[in-house]
Amino acid sequence: MIQTVGVIGSGTMGSGIAQVAATAGCKVKVFDTKQEALYKSQKALEKILSRLIEKGRIDNTEKDRIQKNITYVNALKDLSDAHLTIEAIIEDLPIKQRVFSELETYVSEDTIIASNTSSLSIASIASSLKKPERCIGIHFFNPAPLMKLVEVIPAVQTSEAVLHKVTDSISNWKKIVAIAKDTPGFIVNRVARPFYGESLRIYEEGIADIITIDTSLKEIGGFRMGPFELMDFIGNDINYTVTETVFKAFYYDPRYKPSFTQKRLSEAGYLGRKSGKGYYQYDEQGKNIGQNIKKTIVSDLIEKKSKNELSQYIFNRVLVMLINEAADALFWNVASTEDIDNAMTKGVNYPKGLLRWADEKGIDWCVNKLDRLYTKYREDRYRCSPLLRSMNQEGKSFFKN
């Protein structure tokens with residue numbers, strides 16, 4: 001039974017994880033080397049809990065209970081009594097390895113040491129430990145208290161006992177667990193790449209401007225945010241780095257190729273909301289006040305379409321690429337059918353699971369759309385997943401058979 005949790009890093013993610021564990025009744029210690037960062041985390045929690053009281057979701061007694069469950073420390077050795085430690089610091093492998101190696105000298109032999117990394121190899125992180133079998137990935141989504149999904153990623157070294165203990169504990173924290181293979185991007189950051197990448201490709205080809213692309217995916221697809229709005233929200237520097245990391249980790253597979261447009265925005269400091277400019281411009285309150293970059297018109301290369309036809313084309317093209325990626329994740333046993341769909345609906349709020357969406361559209365529709373794209377571009381980026389092709393030939397679907 002995990003009763004004491006250590007959280008390494010008091011940023012937004014670390015603070016959110018601490019709140020989740022404390023709400024579930026765990027004693028939590030939040031570690032950071034900077035006292036100012038710990039103070040900021042404490043004040044942020046006060047503000048969040050006070051807001052929950054205003055909304056009638058908790059009362060003062062519950063607020064006091066959660067706050068009393070959390071203490072703030074600035075020495076790593078203060079986590080020595082933790083049953084589980086979760087690291088939520090910078091996405092830098094050597095730094096994580098150094099922290100884990102030092103942490104292991106303080107904690108007991110039974111302590112589970114976990115990373116909240118979104119894209120780095122859990123096996124590489126675990127290799128820094130004398131007991132790598134205790135290491136596992138526990139990937140929360142931001143904001144951790146609100147997002148239901150947690151990806152749990154066992155490394156090749158992780159013991160079955162650790163995997164079971166972690167999945168049981170995270171489930172007891174009222175989270176939905178999706179178990180993922182230790183591959184680049186795990187489930188969400190792998191499967192979601194076309195949402196950004198194919199939208200950028202459509203923009204770069206001059207087919208539509210960013211507002212049209214965002215509007216098409218929201219109005220036809222039901223996505224809460226368009227890809228460009230979401231990249232600005234995440235931060236173009238962060239989104240680009242994740243894409244680049246996944247691209248390199250997959251040995252430069254063209255399906256994950258980063259965009260020069262996003263690279264240039266990152267280089268220019270157009271990071272999105274946090275810098276006031278990205279694909280859109282933002283006022284001091286972070287409100288979107290209009291498009292920041294313009295469309296390059298390549299009218300002689302584009303088939304003339306009505307506004308509705310163009311919107312449908314954009315949606316279909318992005319959707320089929322997302323479905324293809326989800327199908328390929330299943331083909332390579334990254335996760336189960338249910339976990340892949342849960343990851344996308346609960347981790348990034350997609351309106352439907354992509355594999356259920358594939359059934360709805362028809363596997364033949366998916367294969368035909370992908371084959372048409374491949375015929376046009378002759379790029380490996382548009383290769384149809386072997387799973388989709390075989391399912392189409394056998395008349396199968398993901399959930400109906």
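Cys135 is buried, with a relative accessible area of 0%; here buried denotes under 20% relative accessible area, exposed over 50%, and partly exposed the range in between, for a 1.4 Å probe and protein chains only. The model is a predicted one, in which local features need pLDDT of at least 70 and side-chain atom pairs count only at pLDDT 80 or more, while totals for chains, interfaces and linings use all residues. Residues are numbered from 1 along each chain as its sequence is written, and side-chain values use heavy atoms, with hydrogens and water left out.

A search of the whole structure finds zero disulfides, a disulfide being a pair of cysteine sulfur atoms within 2.5 Å. For Cys135, the nearest cysteine sulfur belongs to Cys26 and lies 19 Å away. Cys366 is likewise in no disulfide, and the nearest cysteine sulfur, that of Cys384, is 8.2 Å away. Cys366 counts as buried, at 0% relative accessibility.

The chain contains 17 helices and ten strands; helices (H or I, at least four residues) and strands (E, at least two) are DSSP runs, numbered from the N terminus. The chain is as compact as a globular protein of 401 residues, because its radius of gyration of 22 Å is close to the 21 Å given by the globule rule. This radius is taken over C-alpha atoms, and the rule is 2.2 Å times the number of residues to the power 0.38. The C-alpha trace spans about 65 × 50 × 40 Å along its principal axes. Of the 401 residues, 52% count as buried. Contacts (heavy atoms within 4.5 Å) with a separation of 6 or more are formed to 69% by residues 24 or more positions apart.

Helix 10 (residues 227-234) is largely enclosed by the rest of the structure, because six of its eight residues are buried. These buried residues are Pro227, Phe228, Glu229, Leu230, Met231 and Asp232. Their cover includes helix 8 (193-204), helix 9 (210-219), helix 11 (236-249), helix 12 (260-268) and strand 9 (280-282). Gly235, which follows helix 10, has a positive phi near 115°.

Thr4 lies in strand 1 (residues 4-8) and is buried, with a relative accessible area of 13%. Apart from neighbours within four places in sequence, Thr4 is in contact with Lys27, Asp81, Ala82, His83 and Leu84. The C-alpha atoms of Thr4 and Lys29 are separated by 7.9 Å, although the two residues are 25 apart along the chain. Thr337 belongs to helix 14 (residues 337-347) and counts as buried at 19% relative accessibility. Residues up to four places away in sequence not being counted, Thr337 touches Leu330, Leu355, Phe398 and Phe399.

Several backbone features are found in loops. Most residues other than glycine have a negative phi, and most peptide bonds are trans. Lys174 is located in the loop between helix 6 (160-172) and strand 8 (176-179) and counts as exposed at 69% relative accessibility. Asn349 also has a positive phi, of about 60°, without being a glycine. The loop between helix 14 and helix 15 (354-361) holds Asn349, which is partly exposed, with a relative accessible area of 26%. A cis peptide bond, with omega about 0°, joins Asn142 and Pro143. Pro143 is placed in the loop between strand 6 (135-140) and strand 7 (149-154).
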